[in-house]
Amino acid sequence: MGKELLLEIGTEEIPAAFLPKAIKDMEEIIRKELSGKRIAHGGIKAMATPRRLCLCVANLSNRQEDQVIEKIGPARRVAFDEKGDPTKAAIGFAAGQGIDVSELEIITTEKGEYICARKKIIGEDTKALLPDILKKFITSIPFKKSMRWSNLEMRFARPIHWILAIYGNETIPFTLGNIESGDRSYGHRFMSPKPYKIKNLKDYMTKCK
């Protein structure tokens with residue numbers, strides 16, 4: 001079962017010419033990042049104005065997919081003696097993979113029979129992974145020119161003023177530079193500068209309008 005992810009980066013005015021490429025890059029970056037983390041998802045949509053960059057990912061899975069890692073070791077004839085007992089090679093290989101020698105399997109390859117260790121890695125909860133994913137995503141967005149501000153080491157097209165991060169109606173808490181993520185966005189800086197709380201993309205689009 002997946003949930004909606006909504007991220008908004010509120011900034012000072014980014015040059016309008018930067019935005020079309022930023023939209024394309026945002027979609028590509030998050031797609032690559034989620035794939036690398038083995039997190040299934042639905043459609044991805046990025047939007048932008050000079051003072052806000054927005055990303056929405058539909059049906060983002062609640063957890064990573066499990067992963068089976070296969071390591072091939074020594075040849076069977078080296079791993080087992082004539083009696084079928086494991087040799088030091090098999091015992092050492094099993095220990096190096098963190099499993100008991102009895103868990104080793106025999107597989108047939110083009111080069112013959114080899115011992116193999118298979119380990120299953122259970123996927124983590126997406127919510128626990130999102131803080132690092134989103135921080136990496138934000139700092140990976142490339143711009144023709146970027147800048148530093150205050151006494152921070154990070155760079156971005158323009159100074160960031162706020163970060164909205166919501167996954168399935170829950171705030172994803174993290175700190176980037178001197179900004180803490182939250183569940184609030186801001187309207188037009190002159191006509192409606194006060195903050196407003198956001199629940200999801202539908203709520204965000206209505207309140208932005």
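Q: Across which strands does helix α3 lie, and at what angle to β4 does it run?

A: This is a predicted model, in which local features need pLDDT of at least 70, side-chain atom pairs count only at pLDDT 80 or more, and totals for chains, interfaces and linings use all residues. Residues are numbered from 1 along each chain as its sequence is written, and side-chain values use heavy atoms, with hydrogens and water left out. Helices (H or I, at least four residues) and strands (E, at least two) are DSSP runs, numbered from the N terminus. Helix α3 (residues 88-96) lies across β4 and β6, at about 160° to β4. Axes are lines fitted to C-alpha atoms, for helices over the stretch in contact, and angles run from 0 to 180 degrees between N-to-C directions.

Q: How is the pairing of the strands in the sheet described, parallel or antiparallel?

A: Strands of a sheet pair through backbone hydrogen bonds, in either a parallel or an antiparallel manner. Here 3 strands form an open sheet in the order β4-β6-β5, with antiparallel pairing. Two strands pair if DSSP finds at least two bridges between them. The edge strands, each pairing on one side only, are β4 (67-75) and β5 (105-109). β5 pairs with β6 (residues 112-121) over 5 bridges, and T108 has E113 in β6 as its bridge partner.

Q: At what angle do helices α1 and α4 pack, and how far apart are their axes?

A: Two packed helices are described by the angle between their axes and the distance between the axes. α1 (residues 19-36) and α4 (residues 126-140) pack at about 145°, with axes 10 Å apart. In contact (heavy atoms within 4.5 Å), M26, I29, I30 and E33 of α1 meet I133, K136, F137 and S140 of α4.
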